[in-house]
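Reader: I am new to this structure and would like to learn how its features are read. Could you take me through a few of them, step by step?

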Amino acid sequence: MEHTDGGRIRRHLVGDRLPRWAVIGSVVSLLGLASVAFLLGVNVRLYEFWGWLVIVPGTAVIAGIFGAGLVPTVGTLWLISLWGYAFPPLVGYLSGEWMGAGRYTSPRMLGFAYGSARAELLGGLETSVNFGLALAVIVGTTGYVAGSVIRWMATRMRSA
């Protein structure tokens with residue numbers, strides 16, 4: 001029976017302090033910038049190509065390379081999902097400018113719309129918990145492991 005190193009497991013789960021806060025800070029800054037841009041009328045859609053196919057996996061891989069930790073990685077990816085599913089409907093709900101199929105609706109796989117701004121917001125929150133969290137766990141874990149492998153290989157190549 002092999003003895004596992006608790007410190008190594010903890011480091012992979014919560015990460016090193018500086019990289020952890022760098023990943024969290026960069027994602028929060030990105031979401032702040034996206035929020036301001038959205039409020040100014042820019043068509044910000046982090047849940048389309050650049051979000052879920054480039055930014056989210058890239059964030060996970062970079063977090064793995066720098067050792068930011070799996071939990072902060074998955075958490076920040078879920079924040080991106082939460083923003084995409086809940087922020088536009090929240091703005092529409094609070095501003096009263098909600099419409100059935102416009103920029104204030106949240107993305108959905110089937111393309112159906114809710115009947116009111118409140119229902120759109122609640123549906124976006126539900127979707128971000130049900131779908132967004134699962135996707136953040138899958139993409140975050142895969143990307144973080146890939147980044148950790150890259151870091152491990154780079155360390156091995158430097159020491160050889």
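**Reading a helix pair, a core and a loop residue**

Author: Let us begin with a pair of helices in what is a predicted model: α4 and α5 pack at an angle of about 160 degrees, and their axes lie 8 Å apart.

Reader: Which two values describe packed helices in general?

Author: Two packed helices are described by the angle between their axes and by the distance between those axes. An angle over 145 degrees counts as roughly antiparallel, and α4 and α5 are therefore roughly antiparallel to each other. Their crossing is right-handed, and the contact of α4 with α5 has 20 nonpolar, eight polar and two charged residues.

Reader: Which residues have the most contacts inside the largest nonpolar core?

Author: That core has 19 residues, and those with the most contacts inside it are Phe38, Val44, Leu46 and Trp83. At least two residues of this core come from each of α2 (17-39), α3 (49-66), α4 (70-95) and α5 (117-159), while α4 gives the most, with six residues.

Reader: Where is Arg103 found, and what does it touch?

Author: Arg103 is found in the loop between α4 and α5. Leaving aside residues up to four places away in sequence, Arg103 touches Phe38, Leu39, Gly41, Val42, Arg45 and Pro88. Pro88 is 15 residues from Arg103 along the chain, yet their C-alpha atoms are separated by 6.9 Å.

Reader: Does Arg103 count as buried, partly exposed or exposed, and why?

Author: Buried means under 20% relative accessible area and exposed means over 50%, so Arg103, at 21% relative accessibility, counts as partly exposed.

How values were computed: Residues numbered from 1 in each chain as written. Predicted model: local features only at pLDDT ≥ 70, side-chain atom pairs only at ≥ 80, totals over all residues. Heavy atoms only, no water. Core = buried A, V, L, I, M, F, W, Y, C linked by side-chain atoms within 4.5 Å. Buried < 20%, exposed > 50% of the residue type's maximum accessible area, 1.4 Å probe, protein only. Helix = DSSP H or I, 4+ residues; strand = E, 2+ residues; numbered from the N terminus. Axes fitted to C-alpha atoms, helices over the stretch in contact; angles between N-to-C directions. Parallel < 35°, antiparallel > 145°, perpendicular 65-115°, else oblique. Left-handed = near helix turned anticlockwise from the far one by under 90°. Nonpolar A, V, L, I, M, F, W, Y, C, P; charged D, E, K, R; others polar. Contact = heavy atoms within 4.5 Å.
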